[in-house]
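These are my notebook entries on one chain, written as I looked things up.

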Amino acid sequence: MSPSQPSPKNTTTTQQQTIISAFKAAQSKYRRRPQSKLEYESSRSTIIDFSSPQQLRENFFQPISNGFENEKPLSFFSSEITHPTQAFTLKEFPGFLYLPGALPLSAQLELAYWALSNYCELPHMTNIDSLTSDSKSSNDSLPVEAISMWEHWKNEQSSQKNTKNAIKTKSKNHKTNSRNTKARPKTLQRLSWSTMGYHYDWTERSYRDDCHSTVPSPIQTMSRYYAQLYFQYMTPNQTPPPPFDPTACILNYYKLKSLMGGHSDNLEYALDKPVISLSLGLPAIFLLGGRTKEDSPVIPILIRPGDVMFLGGKSRLRYHGMARVISLEEWFQDWGGKDINIEEIQKEGKLSSHAHTDLEFVKLYLSKHRMNLNVRQVLPDGVSSILEMDVKDVDTLEQRKKVKRNVD
Ligand SMILES: O=C(O)CCC(=O)C(=O)O
């Protein structure tokens, strides 16, 4: 799925009665920012916050431990990822695993830097590339981007900071240019997703053998590490833990008003492997439901930056989506969010030199956006092409196509 702006309600009307799916109802409820202190308190008490021990309801949460604390940390650029100190499952949702704050701040900043400067550029595909290629036939004058979206955005931010007049002139020129040439530059403002590895075909809702780039090796290494942790927690008797081949990765870039409609990640063929999801930047209210959009309960979860979540096992195909991105102001005021202390990060020296130089800009972007990176294994172990899979697995494919139609 890709982040989108709000759309009209998807409802079914029968004899003057409006039926809204359980998922849609939860989405409407949690999309709204509470308007009063009372409303806020009552909404907050229903949202699961894995970082807030007073909110953990015994019958719901299951803290799990595997005594990994002393294992060797994973090197991630100049940063280090250590074993998480806390892990939770939800009793009613077997196969679901949540590691609050697993990704240290330096690794979050490093990942955000690469997500902005590299993982949204060719050969990876973005929402903008797909729009651009659609419109290419009707508009040959589309500009070839000379600089990356990241460089462009940084330049823009610097000039906005330096002179107000410059902004006015620039945006005036920009408007005139846009009108004259119909050119819509590839900018971070328009970016909502990027795919690495198997590129997801959003129209066909499928992966294709002939359409992929290489998943960057830091993402491969990190997701293999987390997949191993997942299996160690969830199936501790299985030694060694099953392999995980990170062959598809979707990076979502959310603006404050973005949401993600309910869906099930049902297009991969390796459904015995979890989807690994890492979040950066602004927090959000994530919704986790049942096998279809009609199923209850639909659980709202507060996802904080640095949290790592897994949908695997019996929860692999659960319906899920993202109701609301929480603003920085609300995050600091109501949820105990803390400002990123740049000096402290710099002193730690745990960022690659590239990310270090751009730290202020990464922080600025993260103060207004959320990013979510989710990694999947597309094909079962030992299978090397989708073609092979389709022939072998026609029934499953047919079933999947049926399931697809359930998606909002
Ligand atoms: O942003 C999120 O947390 C969810 C992303 C997601 O569900 C997806 O990309 O399929």
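Which residues does Ala-112 touch, not counting residues up to four places away in sequence? I found Leu-280, Gly-281, Val-362, Leu-366 and Met-371 on that list, where two residues are in contact if their C-beta atoms, placed from the backbone, lie within 7 Å.

Before going on, I noted that this is a predicted model, in which local features need pLDDT of at least 70 and side-chain atom pairs count only at pLDDT 80 or more, while totals for chains, interfaces and linings use all residues. Residues are numbered from 1 along each chain as its sequence is written.

**Entry: Ala-112 and its helix**

I placed Ala-112 in helix 3, taking helices (H or I, at least four residues) and strands (E, at least two) as DSSP runs numbered from the N terminus. Ala-112 counts as buried because 24 other C-beta atoms lie within 10 Å; the cut-offs I used are 20 or more such atoms for buried, 12 or fewer for exposed, and partly exposed in between, with C-beta atoms placed from the backbone. I then looked up Ala-112 and Val-362, which are 250 residues apart in sequence and 6.8 Å apart in space, C-alpha to C-alpha.

**Entry: helix 3 against helix 11**

The axes of helix 3 (residues 105–117) and helix 11 (residues 359–366) come within 10 Å and cross at roughly 85°, the axes being lines fitted to C-alpha atoms over the stretch in contact, with angles from 0 to 180 degrees between N-to-C directions. Helix 3 is therefore roughly perpendicular to helix 11, on a scale where angles under 35 degrees count as roughly parallel, over 145 as roughly antiparallel, 65 to 115 as roughly perpendicular and the rest as oblique.

I listed Leu-109, Ala-112, Tyr-113 and Leu-116 in helix 3 as meeting Leu-359, Val-362, Tyr-365 and Leu-366 in helix 11. By class, this contact of helix 3 with helix 11 has eight nonpolar, no polar and no charged residues, where Ala, Val, Leu, Ile, Met, Phe, Trp, Tyr, Cys and Pro count as nonpolar, Asp, Glu, Lys and Arg as charged, and the others, Gly among them, as polar.

Is Leu-359 buried, exposed or partly exposed? Leu-359, in helix 11, is partly exposed because it has 16 C-beta neighbours inside 10 Å. Leaving out residues up to four places away in sequence, Leu-359 touches Leu-109, Ile-342, Ile-345 and Leu-351; of these, Ile-342 is 17 residues away in sequence and 7.4 Å away in space, C-alpha to C-alpha.

**Entry: the core and the chain**

I next looked up the largest nonpolar core, which has 90 residues; such a core is a set of buried Ala, Val, Leu, Ile, Met, Phe, Trp, Tyr and Cys residues joined through C-beta atoms within 7 Å. Leu-97, Ala-112, Ala-115, Tyr-230, Cys-249 and Leu-251 touch the most other members, and helix 7 (residues 217–234) gives the most to this core, with nine residues.

The chain has 13 helices and 18 strands, and 37% of its 408 residues count as buried. Among contacts between residues at least 6 apart in sequence, 81% join residues at least 24 apart.

**Entry: the ligand shell**

What surrounds the ligand? I recorded Met-1, Ile-250, Asn-252, Met-260, Asp-265, Ser-277, Phe-286, His-320, Met-322, Asn-372 and Asn-374, a residue counting as near if its C-beta atom, placed from the backbone, lies within 6 Å of the molecule. Strand 11 (248–254), strand 17 (320–325) and strand 18 (370–376) each supply at least two residues of this shell, which divides into five nonpolar, five polar and one charged.

**Entry: backbone details**

A cis peptide bond joins Thr-239 and Pro-240, with omega about -5°, and I placed Pro-240 in the loop between helix 7 and strand 11. Ser-296 and Pro-297 are also joined by a cis peptide bond, with omega about -5°; Pro-297 lies in the loop between strand 14 (284–288) and strand 15 (299–303).

Phe-77 has a positive phi of about 50° although it is not a glycine, and is found in the loop between strand 4 (74–76) and strand 5 (79–81).
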